[in-house]
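Hello,

Here is the structure I promised to pass on. My notes follow below it.

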Amino acid sequence: MNEPIVARHWLAIAAPKAAPAIATTTVLALARIWNANGAEHSVGSAVLMGALSLGAAAAGVAAGNSTGDSVLVGTAFAASGALAFAGVAGYSDGMPLPLLLWSLATTGAYALAARYWRTDRRETLAHQRDITDRREERAHIERVETIRATTQVEVARTGAAYAEQLAAALVTRAALPGFDPAALERTGLPELPAQRRDT
């Protein structure tokens, strides 16, 4: 069985690994743009981002208690963290605190993503092993059936060749001078079909 060769582009391989850093960098950049446009030391903006962050966290807790869907809970808590990070980065003046929060958020995002990547890798390997086992089992069954069919064909061919040789020998023997079919019957051999038709 021929397998198609699929070569993934290097961007398709690298994109999931770069996604946490891209996400946290995007939030930092947008928060700093917001800071430059009037969010610095704005209590109203800080309260808004704090309320949104607490709302997202509460949604994560509620989703965890009601549905138990880990993807939904993780998304809600990630949104809560991103909103809190954006609020602090937008409210504060200077870059040291936003950069510190960015590095912590990026490290945390990679720590969480690594767990999912490991789980995904395990499931992918288990799936590939299962497919390989099934293919090997089917290939084995196919080989056994091919051998069996070849053997049956050879047996039938050998039997047909033996029948032809026997028929040729009987015809040749019947053509010999002094051949007596009745003598064959007296020795216990079955009567020849041609002799049966003659009688």
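First, a term for helix packing: a crossing is left-handed if the near helix is turned anticlockwise from the far one by less than a right angle, and right-handed if clockwise. Helices themselves are DSSP runs (H or I, at least four residues), numbered from the N terminus.

This is a predicted model, where local features need pLDDT of at least 70, side-chain atom pairs count only at pLDDT 80 or more, and totals for chains, interfaces and linings use all residues. Residues are numbered from 1 along each chain as its sequence is written, and side-chain values use heavy atoms, with hydrogens and water left out.

**Helix packing**

Take helix α2 (residues 43–66) and helix α3 (residues 70–91). Their axes come within 8 Å and cross at roughly 170°. Axes here are lines fitted to C-alpha atoms, for helices over the stretch in contact, and angles run from 0 to 180 degrees between N-to-C directions. Angles over 145 degrees count as roughly antiparallel (under 35 roughly parallel, 65 to 115 roughly perpendicular, the rest oblique). So α2 and α3 are roughly antiparallel to each other. Their crossing is left-handed.

**Salt bridges**

Side chains of opposite charge can pair when their charged atoms come close. The criterion used is a side-chain nitrogen of Lys or Arg within 4 Å of a carboxyl oxygen of Asp or Glu. The whole structure has three salt bridges:

- Asp-130 with Arg-134, at 3.4 Å, N to O. They are four residues apart in helix α4, which means a separation of about one helical turn.
- Glu-145 with Arg-148, at 2.6 Å, N to O. Both lie in helix α4, three residues apart, about one turn.
- Glu-154 with Arg-157, the closest N and O atoms being 3.0 Å apart. Both lie in helix α4, again three residues apart, about one turn.

How exposed are these side chains? Partly exposed means between buried (under 20% relative accessible area) and exposed (over 50%), with a 1.4 Å probe and protein chains only. Asp-130 is partly exposed at 33%, and Arg-134 at 48%. Glu-145 is partly exposed at 41%, Arg-148 at 44%. Glu-154 is partly exposed at 39%.

**Nonpolar patch**

Val-88, Leu-97, Leu-100 and Leu-104 form a nonpolar surface patch, with about 340 Å² of accessible area together. Helix α4 (residues 96–174) gives the most to this patch, with three residues. Leu-97 lies in helix α4 and is partly exposed, with a relative accessible area of 41%. Patch residues have over 30% relative accessible area and no salt bridge; nonpolar side chains (Val, Leu, Ile, Met, Phe, Trp, Tyr) are joined within 5 Å, like charges within 9 Å. Areas come from the Shrake-Rupley method with a 1.4 Å probe; for residues, only the protein chains shown count as cover.

Best wishes

Definitions and conventions. Helix = DSSP H or I, 4+ residues; strand = E, 2+ residues; numbered from the N terminus.
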